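Thanks for coming. I will go through one model, beginning with a hairpin and ending with the confidence values.

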Amino acid sequence: MEDYLCNKDLLYKYQFGLRRQLSTESHLLHLTDYIRFEMDKGNFVGMNLLDLQKAFNTVDHSILSMKLQALGLNKLVVSWFSSYLSDRHLFVDIFGTFSTQGIITCGVPQGSILGPSVCRWLGHISFW
């Protein structure tokens, strides 16, 4: 996927996270250098920062499919993503007490290739 997006020049050149050889640490170094360079020229530097907490939990499946199609991905690839995310259910298990099942319409499974690192909780959410 990254190769496709890079080859089609669809990624913002300052997209550092979740890319090979471009970590968030690389971005912090780039940002620090930029701030120092501008301050050395006598310019003021300001920033607006946005913390997207739980961003992976808010991915809407239908919007993701539309965006993948708009990027020009093969219909088979878009279909695979849609199939992977659709018809998933969840329940919460807290020390052996289970919630009722729910249908998932947004978010990606934790611990999956599409999601963030697996989090450790007192309980856990199960997907199938």
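**Hairpin, fold and confidence**

Ile94 has Thr97 in strand 2 as its bridge partner; strands here are DSSP E runs of at least two residues, helices are H or I runs of at least four, and both are numbered from the N terminus. This is a predicted model, where local features need pLDDT of at least 70, side-chain atom pairs count only at pLDDT 80 or more, and totals for chains, interfaces and linings use all residues. Residues are numbered from 1 along each chain as its sequence is written, and side-chain values use heavy atoms, without hydrogens and water.

Back to the hairpin. Strand 1 and strand 2 are antiparallel and joined by 2 bridges; pairing requires that DSSP finds at least two bridges between the strands. The hairpin leaves 2 residues between these strands, and Phe95 in the turn has a positive phi of about 50°. Strand 1 (residues 89-94) also runs antiparallel to strand 3 (residues 102-103), again with 2 bridges. There, Leu90 is partnered with Gly102.

Now the whole chain. It has 4 helices and 4 strands, in the order α-α-α-α-β-β-β-β. Of its 128 residues, 19% are buried, meaning under 20% relative accessible area with a 1.4 Å probe, protein chains only.

Last, confidence. pLDDT is the predictor's confidence in each residue, from 0 to 100. The average is 80, and 84% of residues score at least 70. Where pLDDT is low, the predicted coordinates should not be read in detail.

How values were computed
Buried < 20%, exposed > 50% of the residue type's maximum accessible area, 1.4 Å probe, protein only.
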